[in-house]
Amino acid sequence: MTAAEPPGAAAGGAGGELAGSRPQAGPVYHVGGRLLGTKTTELVKESLPLHDPAPGTVKRAGRRLALAVLPLLVAGCARVTIDVTAFQWSWQFDYEGSDRQVIGGPGHVPEMVVPVGVPIHIKLRSADVVHSFYVPRALFKRQAIPGTTNEFDMNFQRVGLYHGQCAQYCGVAHSDMLFRVKVVSQDEFERFLTSGRGGAPTGGGT
Ligand SMILES: [Cu+2]
């Protein structure tokens, strides 16, 4: 299995559009494609006077800093948490804080719908044997291990469709364990979340 996919398999160019979590690193929050931490540091530099502030300057600078940083903090907090369960032989996606659920099965490739540019916190579990959550275009893979919750963050920077699959042989129908990550606008994601329960067919056939 390779990380390469056929051209045109997903919208957007290869690379750079996704920031997956890194092992042993904290959550990575991107705002407008830039690290929140970096942006905040720049804002601090821009907002604070360097020498001998005049009376009131520090107070005004503090207010400017608060106004500038607040939206970034709000954006960083507005993450989506998805419980991803791998099972023989498909995937289930449950959206925390919502009753939205997508379940795959024979002949139905499930889609994990996510909003663009928002941190996606994933809690990955297995209902039976070891599977592996693999999104080739993101060069991202994590194992789903029975009895363990594997948590990580992803952040898709471009709208599009990303092929996903199980990357750990898990039985006779392992090759049926396909899924898609559908990255949509935040408005479309809101509509998806409120559009009902029960694994409505968001994807096509195998
Ligand atoms: Cu498998």
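1. Burial. In this predicted model, 27% of the 206 residues count as buried. The secondary structure comes to three helices and twelve strands. Among contacts between residues at least 6 apart in sequence, 69% join residues at least 24 apart.

2. Nonpolar core. The largest nonpolar core has 32 residues, and Ile82, Val84, Met112, Val114 and Ile120 have the most contacts inside it. In general, nonpolar side chains of soluble globular proteins tend to be buried together.

3. Met112. Apart from neighbours within four places in sequence, Met112 is in contact with Ile82, Phe93, Val102, Phe179 and Val181. Ile82 is itself among the core residues with the most contacts.

4. Open sheet. Five strands make up an open sheet with mixed pairing, in the order E6-E12-E11-E8-E9. E6 and E9 (140-144) are the edge strands, each pairing on one side only. On average, neighbouring strands of this sheet are turned by 20° against each other, direction ignored.

5. E6 and E12. These two strands pair in the parallel sense over five bridges. Pro115 has Val184 of E12 as its bridge partner.

6. Helix H3. Residues 186-193 form helix H3, which lies across E6 and E12. The helix runs at about 130° to E6.

Methods. Residues numbered from 1 in each chain as written. Predicted model: local features only at pLDDT ≥ 70, side-chain atom pairs only at ≥ 80, totals over all residues. Core = buried A, V, L, I, M, F, W, Y, C linked by C-beta atoms within 7 Å. Buried ≥ 20, exposed ≤ 12 C-beta atoms within 10 Å, placed from the backbone. Contact = placed C-beta atoms within 7 Å. Helix = DSSP H or I, 4+ residues; strand = E, 2+ residues; numbered from the N terminus. Pairing = 2+ DSSP bridges. Axes fitted to C-alpha atoms, helices over the stretch in contact; angles between N-to-C directions.
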